[in-house]
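Try each task on your own before you read its solution.

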Amino acid sequence: MKQPFSAILRIKLISFFQSIRILYFKSLGLKMSKGCILGKIICDWPSKLILGENCEIRDYVVFWFRHPFNSDNYIKIGDRTIIARNCEFNCNCRIIIGNDTLIASNTVFVDNNHQIKKDLNIFIQPVSVSDIVIQDDVWVGSGCIILMGVLIGEGAVVAAGAVVTKSIPAYEIWGGVPAKKIGERKN
């Protein structure tokens with residue numbers, strides 16, 4: 001059965017606008033390997049974003065950089081990785097996502113934290129920062145929060161809604177608030 005003309009036209013228009021979006025972000029310094037799919041993202045400093053081969057960044061993902069003129073401040077996403085809709089990357093130093101990883105919708109990455117000493121107003125408190133590293137073959141469920149200094153090991157799974165405050169060893173399944181081990185991946 002042939003597709004109606006309007007469906008074909010819509011597909012071609014979507015492809016055209018995606019090509020324009022990619023050219024726009026590349027002109028601003030986005031480093032993107034071949035085969036990537038780039039949705040309607042929000043990124044004020046595309047030169048700080050590195051996308052691997054055949055990765056997919058879906059609509060309404062926010063990439064926010066606190067110190068864009070610091071050369072050590074960047075977000076790197078590996079090959080064949082999918083970042084689902086409405087995720088947020090709040091980057092003060094580095095957020096690194098490995099290859100073959102799935103990040104579900106509404107997940108938030110924050111590599112910084114305000115201090116809360118009572119002798120200073122909250123607005124002027126110092127900020128602590130530490131990298132977030134997600135290794136290869138990881139699945140992060142919907143609505144998770146991944147906080148500063150966390151390393152999620154190869155093959156790990158993070159259950160939906162988890163708040164990850166400490167590192168997760170390889171092939172373990174973690175969930176809860178705060179996240180803790182609830183199982184292991186088995187063959």
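**Exercise 1: From a residue pair to a sheet**

In this predicted model, E88 stands opposite V108 in β12.

**Exercise 2: Aromatic pairs**

Find how many aromatic pairs the whole structure holds, then classify the pair F63 and F89 as stacked, tilted or edge-to-face.

*Solution.* The search of the whole structure returns 3 aromatic pairs. For F63 and F89, the ring centres are 5.0 Å apart and the planes meet at 20°. Planes under 30 degrees apart count as stacked, so this pair is stacked.

Now locate the partners. F63 belongs to strand β6 (residues 62-65) and F89 to strand β9 (residues 88-91), so their pair ties together parts that are 26 residues apart in sequence.

Are the two residues buried or exposed? F63 has a relative accessible area of 2% and is buried. F89 is buried as well, at 0% relative accessibility.

**Exercise 3: Extending the cluster**

Carry on from F89 to F109: describe the geometry of their rings, and say which residues make up the aromatic cluster.

*Solution.* The centres of the F89 and F109 rings lie 4.7 Å apart with planes at 10°, so this pair is stacked. F89 sits in β9 and F109 in β12 (residues 108-110), so the pair ties together parts that are 20 residues apart in sequence. F89 and F109 are both buried. Putting the steps together, F63, F89 and F109 form one aromatic cluster.

**Exercise 4: A second sheet**

*Solution.* The partner of V140 is V158. Strand β16 (residues 139-140) pairs with strand β19 (residues 157-158) in the parallel sense, over 2 bridges. Both strands belong to an open sheet of 8 strands with the order β2-β5-β8-β11-β16-β19-β21-β22 and mixed pairing. At its edges are β2 (37-38) and β22 (180-184), each of which pairs on one side only.

Methods: Residues numbered from 1 in each chain as written. Predicted model: local features only at pLDDT ≥ 70, side-chain atom pairs only at ≥ 80, totals over all residues. Heavy atoms only, no water. Pairing = 2+ DSSP bridges. Helix = DSSP H or I, 4+ residues; strand = E, 2+ residues; numbered from the N terminus. Phe/Tyr/Trp six-rings, centres within 6.5 Å; stacked < 30°, edge-to-face > 60°. Buried < 20%, exposed > 50% of the residue type's maximum accessible area, 1.4 Å probe, protein only.
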